[in-house]
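Open the model in your viewer and keep the selection panel at hand.

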Amino acid sequence: MEPILDRGGPAQPLLAVKGLVKHFPLKGGLLGRTQAVVRAVDNVEFDVLKGETLGIVGESGCGKSTTARLLMRLMDPDAGSMIFDGETVGVNEQAGGLTLRDYRRQVQMVFQDSYASLNPRLPIEETIAFAPRIHGLSSADAVTRARELLAAVGLAPASFARRYPHELSGGQRQRINIARALALRPKLVILDEPVSALDKSVEAQVLNLLVDLKAEFGLTYVFISHDLNVVQYISDRVLVMYLGEVVEMGPVGAIYDRPGHPYTRALLDSRPSMDPAMRRTKPPLTGDPPNPVNPPSGCRFRTRCPYAEDVCAARKPLMADLGGGHIVSCHMASPESGHSLAGKLYEVPPPRADVMGVPA
Amino acid sequence: MSAVLKPPSPTAEVQPLVKLRDLSVTFATRDRTVHAVNGIDLDLAPGEVLCILGESGSGKSVTLRALMKLLPKFARVSGSIEVGGRDVTKMSERQLSNFRGTEVAMIFQEPMTALDPVFTIGRQIAETVQRHEGLSRSAATARALELLELVQIPSAKRRLDAYPHELSGGLRQRAMIAVALACRPKLLLADEPTTALDATVQIQVLLLLRELQERLGMGVIFVTHDLGVAGEIADRVAVMYAGRVVEEGPVAGLMAGPLHPYTQGLLGATVHAGMRGQRLTTIPGAPPTLDVVPTVCAFAPRCSFVHDECLAGVPVLRSPTPGRAARCVLVPDR
Ligand SMILES: Nc1ncnc2c1ncn2[C@@H]1O[C@H](COP(=O)(O)OP(=O)(O)OP(=O)(O)O)[C@@H](O)[C@H]1O
Ligand SMILES: Nc1ncnc2c1ncn2[C@@H]1O[C@H](COP(=O)(O)OP(=O)(O)OP(=O)(O)O)[C@@H](O)[C@H]1O
Ligand code: SF4
Ligand SMILES: [Mg+2]
Ligand SMILES: [Mg+2]
């Protein structure tokens, strides 16, 4: 069971996601009829390039974990397609596709909750060896691989291999989850808030480890987090989600230095300053993100956006290309949109907290 | 805490709002013993905001709960706890129930632990005011409305009739703050109240708390594990490690030049903006389990500066400059 070789060449995206949709019906009433629909993921498109780390940011409920579960095919999308290294996922080989079983070998996931995702009754080396064994590795080889991986994540096999999850700290458990995710030699690892439950001192250890493992095993990451500093630290490109949609995507430098979408600007500006001399007086946004059950028409950010105009309610903005792979979905970015500031995205006041404030 | 830690004040000494001396808390059950807090001295001046910073299990929440005498009966508490000049450890149940609410109030990470799901927000605030201040029903309702406006809940009048579950996360947090402030406490204890909130909502609630604190002149003890939050709201910071305060000082000085190797490690390990491409500094290992009280520097096993003196006993608090102090033998004492 060796790593599957690179097929389409380095320029072909490792994963191309098109028109991904997942709606959850909310059932209620006596007959359990569908009362409303949660538009958790709505027409999401992006590529994951070979060898990169793609960061996904956005607030609670914007659809990050649902996107991750769809990428892992832990559930079926309502619409959309996924092409993995040139092959359509979930279609049989005769039709030129990649079966789910083959796909799942190459894509693995690490969850936030380090405890819930480990079997409490198995010593950790067994947990790590489990999947390789299922996929046909001999017991002895699977255990050897588990021990190699324990060493790779910085846990000496001699003292850790036979421990149970409850005998480990949170940071150690998260290392086990990472080791387990690597056991099938995947190409793509989806990390859903992998450090959010960890203390800062431990978070740094795990982030360093992720950087090392990526180089050592030639991995590609999708890294989901609500910590904007961590995403900036680890990502090559960043995708910003709001209420189930992609509002902006681009190289990490472009997103953090020249954020285009008013939401991205506000989100970045909401970070505590780390400098008591730079305290702000006004929050960049008021109110909470709305519920994804009945998202606003047109631009979903319009109810909180200081620049919203009629056109923002009337029509959904197109994805505008700002160059260099930086795209943004805002009427101000498209010259023809009809917004009074159309084409003047970067002329609106800079993303400063006291400027972005909207009256309550 | 020694007199050196008091900020030099030209006028007469202000009576501290909170005065903890040698506070220790131990949880002993049949299976195990946890020495959660191991001798804390802390002062809080009226109208001051102190952030308690520290990693999981360092004793932050236990310290806050001890201040309100909210710990379970089996917890062994020693040392003295004074709030507004009164000894909390000696209060009767009746005195306590009056004390909680009128003098001290607490807010939490999860607002549903503080809000009652079966009563409307307006009712909960009004009840609190009526109970403690004996106001009439209509006066209490008027106060409830005032409070919802104070915490900047939009359409406050309509929200009086809302049940907690009908509010979004950020509004629920504001409602909890309104309940806590109902009787104008002099001291607000906040246990990670913004940790679960989204970035754009967290900054709103932080700014709200700071504004309310200034307007009402409250003392606040704010527990967090997030340095950025402390930078946004604190006057002073106390860093806890293994149940002790290992460093304290004014927020700007502490963040610009931490004294204790643990605080230095924490600052180095926190991912700041623009650190891309740099190797993160880490603190190796993990905090002690606290089944016994540490008798040497509890940070020693993880400290890269450790030497013999560190293992000779628990380092005392040393103060190199007025207002600053750390429990590390490397810190010069004036
Ligand atoms: N199985 C499900 N059934 C119904 N609704 C769901 C389900 N899973 C997710 N949702 C809803 O879909 C929306 C998106 O959820 P998701 O977990 O993807 O958000 P997220 O961005 O990961 O948020 P967080 O930052 O809180 O983890 C939310 O409104 C959520 O309540
Ligand atoms: N009721 C209790 N019974 C037994 N042990 C307890 C109890 N409450 C707290 N502890 C223990 O006391 C120690 C300190 O806990 P505390 O809740 O103060 O930590 P903390 O600093 O608030 O951490 P966190 O950041 O995770 O909230 C921990 O080891 C905890 O397990
Ligand atoms: S007292 Fe010693 S071991 Fe403890 S932090 Fe200071 S130098 Fe390190
Ligand atoms: Mg999630
Ligand atoms: Mg706590």
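Predicted model: local features only at pLDDT ≥ 70, side-chain atom pairs only at ≥ 80, totals over all residues.

**Stop 1: ligand 2**

The shell holds 14 residues, and the closest are B:Ser56, B:Gly57, B:Lys60, B:Ser61 and B:Val62.

Now show the polar contacts. A polar side-chain atom of B:Ser61 is 2.7 Å from an oxygen atom of ligand 2. B:Lys60 also places a polar side-chain atom by a ligand oxygen, at 2.8 Å. With B:Ser58 the backbone takes part: one of its polar backbone atoms is 3.2 Å from an oxygen atom of ligand 2. On its own, ligand 2 exposes 640 Å², and the protein buries 67% of that area.

Colour by secondary structure next. The largest share, 3 residues, comes from α1(B). By class, the shell around ligand 2 consists of 6 nonpolar, 5 polar and 3 charged residues.

**Stop 2: ligand 1**

Move to ligand 1 and select the residues around it. There are 13 of them, and A:Ser60, A:Gly61, A:Lys64, A:Ser65 and A:Thr66 come nearest.

Which atoms of A:Ser60 and A:Gly63 face an oxygen atom of ligand 1? In A:Ser60 it is an N or O atom of the side chain, at 2.7 Å. In A:Gly63 it is a polar backbone atom, at 3.0 Å. A polar backbone atom of A:Cys62 is 3.3 Å from a ligand oxygen. Ligand 1 taken alone exposes 640 Å², of which the protein buries 64%.

In chain A, β2 (33–48) and α1 (64–72) each supply at least two residues of the shell. The element that gives the most is α1(A), with 4 residues. The classes here are 5 nonpolar, 5 polar and 3 charged residues.

**Stop 3: where the chains meet**

Show both chains as surfaces, then select the residues in contact across the boundary. Chain B contributes 46 residues and chain A contributes 39. Between them the two chains bury about 3400 Å², with 55% of it on carbon and sulfur atoms. Pick out B:Thr200, B:Val271 and B:Arg276: these supply 19% of the area that chain B buries against chain A, more than any other three residues.

**Stop 4: helix α10 of chain B**

Select residues 261–269 of chain B, which form helix α10. Why is this helix described as largely enclosed by the rest of the structure? It is because 7 of its 9 residues are buried. The buried ones are B:Pro261, B:Tyr262, B:Thr263, B:Gly265, B:Leu266, B:Leu267 and B:Ala269.

**Stop 5: B:His260**

Step back to B:His260, in the loop between α9 and α10 of chain B. Is B:His260 buried or exposed? Its relative accessibility is 1%, so it counts as buried. A polar atom of the B:His260 side chain lies 2.9 Å from the backbone nitrogen of B:Tyr262. Leaving aside neighbours within four places in sequence, B:His260 is in contact with B:Val246, B:Glu247, B:Phe299, B:Ala326, B:Arg327 and B:Cys328.

**Stop 6**

**Stop 7: B:Val329**

B:Val329 sits in the segment after β11 (325–326) of chain B. Its relative accessible area is 15%, and B:Val329 is therefore buried, the limit being under 20%.

Select its contacts, not counting residues up to four places away in sequence: B:His307, B:Glu309, B:Cys310, B:Pro315 and B:Arg318.

Definitions and conventions. Residues numbered from 1 in each chain as written. Chains lettered and ligands numbered in written order. Heavy atoms only, no water. Near = heavy atom within 4 Å. Polar contact = N/O pair within 3.5 Å; in protein donor to acceptor, adjacent residues only side chain to side chain. Areas by Shrake-Rupley, 256 points an atom, 1.4 Å probe, with all protein chains shown as cover. Nonpolar A, V, L, I, M, F, W, Y, C, P; charged D, E, K, R; others polar. Buried < 20%, exposed > 50% of the residue type's maximum accessible area, 1.4 Å probe, protein only. Contact = heavy atoms within 4.5 Å. Buried area = accessible area lost by both parts, 1.4 Å probe.
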